[in-house]
Every structure is written in C-alpha cells, then in structure tokens.
Amino acid sequence: MKAALAPSSLTSLSYRTNSSSFRSSLLFRSPSSSASMTTTTTRGNVAVAAAATSTEALRKGIAEFYNETSGLWEEIWGDHMHHGFYDPDSSVQLSDSGHREAQIRMIEESLRFAGVTTDEEEEKNIKKIVDVGCGIGGSSRYLASKFGAESIGITLSPVQANRANDLAAAQSLAHKVSFQVADALDQPFEDGKFDLVWSMESGEHMPDKAKFVNELVRVVAPGGRIIIVTWCHRNLSAGEKALQPWEQNLLDKICKTFYLPAWCSTDDYVHLLQSHSLQDIKCADWSENVAPFWPAVIRTALTWKGLVSLLRSGMKSIKGALTMPLMIEGYKKGVIKFGIITCRKPL
C-alpha cells in the first residue's frame with residue numbers, strides 16, 4: 001500500500017535516471033552536425049532532470065503518506081501493514097483476530113511457497129534478513145523471532161522507522177532487529193549481506209522495477225532467497241502492448257492516492273529475475289486468497305472507531321479510504337493481481 005505514470009511494460013521498467021545510457025546511444029547514430037548532437041544531448045539532460053525530479057517527488061509523497069497514515073493503520077489493524085491470506089471461500093465477516101491471523105498466515109505462506117520452511121537446511125541458514133519497505137516492522141520482528149536471525153528494516157518514512165524501533169525495544173528485540181530510513185533503490189548495504197531478502201507489498205512503490213530487482217539481487221548472499229509479494233496488473237496477452245485504456249484509467253486513480261508509479265505484471269518480474277541468471281524462479285497469483293481483505297478494511301473504516309480515527313488522521317487517510325472500493329473493483333475485474341515471485345541466488 002504503499003504520480004501515476006505511463007502504462008508499464010518490460011521495456012518501460014528499465015528506464016534509467018542517468019544520462020550515460022542516453023549518451024552511449026549516440027554511438028549508433030551519425031549526427032549531421034555537432035549542433036544537432038548538442039541539441040539532442042541538451043534534450044536528454046532535460047529529460048534526465050525531469051525524471052530525477054519526478055522520482056524525488058514520489059519519494060517525498062510516499063514518506064508523507066506513511067508518516068500520516070501508519071498510526072491509523074496500527075490503531076485499527078495492528079503492526080502488520082499488508083494483506084491477509086485467506087482460504088478462497090472465507091467470509092469477509094471474520095473477527096478482527098481472524099484478519100490478523102490471516103496477515104501472519106501471509107508471511108508463513110510466502111515462506112512456504114519459497115521453500116524456506118520446507119527445507120530444514122535452508123531454514124537453518126537464515127541468519128541475516130533485510131525487510132525492504134518494512135512499515136512499522138511487523139514482518140521483521142516476526143521473521144527475526146522465527147529464525148533467531150538479525151533483521152534490518154528500511155523505509156522512506158521516519159515515522160515508521162522510529163515506531164518500528166520503539167516496538168522492537170518494547171518486545172525485547174532491539175538486539176536482533178533495527179530500522180532505518182533508506183531508499184530501496186539505493187540500499188546502504190554491502191553486496192551479499194543477507195540470507196533472506198524480504199519485500200512484502202513495497203514493490204508497487206518502486207518507480208524503476210529493474211533497479212529495484214538489481215538491488216535485491218545485489219544484497220542477497222549466494223544461496224540466499226528473495227521473496228517479493230506485491231500488487232501487479234494482469235499479465236498481458238500475446239500481441240498486447242499495453243493495458244486497455246479503461247484498465248489504465250482505473251490504476252491511475254489508485255496511483256494518485258497511494259503514491260504509486262507505473263504498475264507491472266508478475267511476468268515482468270520473472271523476466272527481470274531471469275536476466276540475472278537466478279535459480280528456482282517461480283511465481284503465483286494469490287488474488288483469490290486476498291479477496292476478503294479490502295472489504296474487511298472498508299468495514300472497519302466504517303465503524304465509529306474507524307471514522308473517528310480517519311478524521312483525526314488527516315486528508316491522506318481519508319482519500320485512501322475513499323480509494324479502497326477501486327481496489328476491490330480492480331480485483332473483481334481481473335486488472336489487479338496479487339503476486340508472489342521468489343528465487344534463489346546461485347552459490
């Protein structure tokens with residue numbers, strides 16, 4: 001949950017925010033004059049500057065959105081800021097505790113799908129974890145406790161990082177878990193540091209999916225696992241170059257509220273991971289398993305406690321609540337998909 005840009009495709013995922021690739025492309029041209037080359041380069045520099053400004057504005061918007069809304073979410077739903085995993089025939093009338101159990105189940109099902117909890121040797125080897133887009137640290141604390149591992153969470157929101165560290169201290173986990181403000185596209189870690197790289201519903205905020213994947217691959221240790229759970233749009237059919245206009249319009253409305261750049265598909269993520277020669281790449285569509293989630297969030301928002309908390313939280317929270325029915329519409333019409341993509345880095 002975590003602007004709207006052009007419709008995404010695999011080619012649009014790999015746009016660059018520096019001018020080196022633009023300049024190198026000039027090697028394949030025969031410019032008619034130095035003046036024309038200067039004009040082209042100037043235009044390229046302007047485009048690069050515009051992209052950098054847009055990316056910075058997106059980062060600022062994401063940070064402000066979570067600075068404002070995280071307290072409301074914690075008050076109503078607890079410290080796991082992600083979808084729950086439900087059986088397809090589950091009722092949306094589950095108790096609050098049932099929904100929170102479903103959020104824990106999402107973590108466990110993600111680990112199981114990746115093969116982590118079905119391989120004793122692999123589970124034993126998880127000593128260091130990074131939680132990319134950590135929210136207020138629910139997943140980090142859970143995973144650190146489960147594996148007896150050290151976990152570092154990163155987020156763009158100072159409010160989230162501070163709250164996550166406070167909760168870790170309150171749960172006597174400060175020696176195992178820490179949180180800091182950092183950019184997922186430029187992580188402050190050395191290569192190959194982590195045995196498990198965890199991204200639970202943060203990929204949808206990344207304006208450069210190729211760079212995002214590059215960083216996940218860079219920081220994972222040889223033999224380590226990457227788990228990406230994220231909102232996607234549907235896979236494009238053979239011959240399709242983009243979503244239908246009405247589909248893109250629906251996503252654009254969601255983007256404006258939740259500070260999301262262009263969406264991509266699970267196929268796009270698979271192709272990006274394949275470009276790194278990773279192993280055990282697999283993905284799944286869990287849209288059916290998360291179907292009860294947004295109706296449940298709306299139902300809690302319409303309680304007296306929810307309405308009071310919404311009004312107290314601010315305009316970003318109110319706009320977010322008003323956008324929730326569009327998420328339900330997107331899932332029902334098959335435009336939005338809830339995807340999991342996992343892989344392992346070769347030894």
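A: Serine 172 sits in the loop between H7 and E3. The labels H and E stand for helices (DSSP runs of H or I with at least four residues) and strands (runs of E with at least two), numbered from the N terminus. The model is predicted, so local features need pLDDT of at least 70 and side-chain atom pairs count only at pLDDT 80 or more, while totals for chains, interfaces and linings use all residues. Residues are numbered from 1 along each chain as its sequence is written, and side-chain values use heavy atoms, with hydrogens and water left out.

Serine 172 has a positive phi of about 55 degrees, although this residue is not a glycine. Most residues other than glycine have a negative phi. Serine 172 counts as exposed because its relative accessibility is 54%; exposed means over 50% relative accessible area, buried means under 20%, and partly exposed lies in between, with a 1.4 Å probe and protein chains only.

E2, helix H7 (residues 158–170) and E3 form a right-handed β-α-β unit. Right-handed here means that, with the strands pointing away from the viewer, the path from the first strand over the helix to the second runs clockwise. Within helix H7 lies arginine 163, which is partly exposed because its relative accessible area is 34%. The C-alpha atoms of arginine 163 and phenylalanine 179 are 9.1 Å apart, although 16 residues separate the two in sequence.

In E3, phenylalanine 179 is the bridge partner of glycine 153. Strand E2 (residues 150–155) and strand E3 (residues 177–181) run parallel and are joined by five bridges; two strands pair if DSSP finds at least two bridges between them. Aspartate 183 counts as buried because its relative accessibility is 16%.

E1 pairs with E2 in the parallel sense over five bridges, and valine 132 stands opposite isoleucine 154 in E2. E1 pairs with E4 as well, again in the parallel sense, over three bridges; here isoleucine 129 has leucine 196 of E4 as its bridge partner. Strand E1 (residues 128–132) is largely enclosed by the rest of the structure, because four of its five residues are buried. In a regular strand the side chains alternate between the two faces of the sheet.

E1, H6 and E2 make a right-handed β-α-β unit. Helix H6 (residues 138–147) is mostly covered, with seven of its ten residues buried; these are Gly138, Ser139, Ser140, Arg141, Leu143, Ala144 and Phe147. Just after H6, glycine 148 takes a positive phi of about 65 degrees.

The nonpolar interior may be considered next. A nonpolar core is a set of buried Ala, Val, Leu, Ile, Met, Phe, Trp, Tyr and Cys residues joined through side-chain atoms within 4.5 Å. The largest such core has 59 residues, among which Leu111 and Trp294 touch the most other members. Helix H3 (residues 34–77) gives the most to this core, with eight residues. A second, separate core of 29 residues includes Ile154, Phe189, Tyr269 and Val270; Ile154 is the residue of E2 that stands opposite valine 132.

Serine 277 lies in the loop between helix H10 (266–274) and strand E6 (279–285). Its phi is near 55 degrees, a positive value in a residue other than glycine. Serine 277 counts as exposed because its relative accessibility is 56%. For serine 172, the corresponding values are a phi of about 55 degrees and a relative accessibility of 54%.
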